[in-house]
Amino acid sequence: MHTIWKGAIGFGLVHIPVKLYAATEEKEISLQLLHKGCHGTVKTQRYCSSCEKKLSSEDIVKGYKLDNNQFLIFEKEELEQLHDDSKRINIIQFIKEASVDLMFTQKVYYLGPEDSYIDAYCLFIKALEVTKRVAVAKITIRSSTKLCILKPMNGSFIQLSTMYYPNEIRPSERIPNLPSESRIDSDQLQLAQQLIKSLSTSAEVSQLKNVGQDRLQSLIQSKISGQEIVQVNSEKNESQHIIGLMESLQMSINHFSNPLTKKTKQKKKESAS
């Protein structure tokens, strides 16, 4: 794995050198932008609208906008001095994992030990597991200081999740059309519960597949093979049948309770696995 960051876990007088690795990777198929006329590659360039010329990374500084044409200019060194320690994961406190709101989770990483500090790393994992705690800390990555959670995983490694700060979470009160009071019909609620039960399975999230990506891959292979691509347009009925909530719930339950439907779902699962 490629090392993203090198530093150390620090709390009290404890110092455990570690390395940070990306725990996730995008699996979306990348389609490149091309010029429709000649199929030339479309490139994004850094361009100064005032000087009307291309720029290199050395020509660029960061600015904070005050007004339409007024900026405060910051050099790279100035911004780096704002952070206390860019090579240390400073633990703030230890808390129960249940108290961590998933709403704050941003990005997930793996945290591995340096060669000579494996014992200290393992001890830290064990201490977190025994006390049933996770660590709340701060880490500076690419000149940005983030909150993070250090969590022991399967007794073998530490998962580091960067977190949003509380002021970065939008208040739920801004959601439009939230009901102040809701009247729930008991019959509708019972049907809804039946529908949820009929759709409930023991399948794990890790077994889910990106269907859209699979379809795109098949389309790519089809084009490579020179097969004719047939576009099937589904015809929309001009008159739309509007049904009530009770009827739609009952229809859904009937569909997923149908033995033939269950057999079809089971065959799809077996073929997918």
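Helices (H or I, at least four residues) and strands (E, at least two) are DSSP runs, numbered from the N terminus. With that in hand, let's start at Ile-91, which sits in strand E7 (residues 88–95). This is a predicted model, where local features need pLDDT of at least 70, side-chain atom pairs count only at pLDDT 80 or more, and totals for chains, interfaces and linings use all residues. Residues are numbered from 1 along each chain as its sequence is written, and side-chain values use heavy atoms, with hydrogens and water left out.

Ile-91 has a relative accessible area of 14%, so it counts as buried (under 20%; exposed is over 50%, partly exposed in between, with a 1.4 Å probe and protein chains only). Leaving aside neighbours within four places in sequence, its contacts (heavy atoms within 4.5 Å) include Phe-11 and Phe-124.

Those two bring us to the rings. Rings of Phe, Tyr and Trp (its six-membered ring) pair if their centres lie within 6.5 Å; planes under 30 degrees apart are stacked, over 60 edge-to-face, and the rest tilted. That rule gives three aromatic pairs. In one of them, Phe-11 and Phe-94 have ring centres 5.5 Å apart and planes at 80°, so they meet edge-to-face. Phe-11 is in strand E1 (residues 3–11) and Phe-94 in strand E7, 83 residues apart. Phe-11 is partly exposed at 23%, and Phe-94 is partly exposed at 36%.

Phe-11 also pairs with Phe-124: the centres are 5.4 Å apart and the planes at 35°, so this pair is tilted. Phe-124 lies in helix H2 (residues 118–131), so the pair ties together parts 113 residues apart in sequence. Phe-124 is buried, at 5% relative accessibility.
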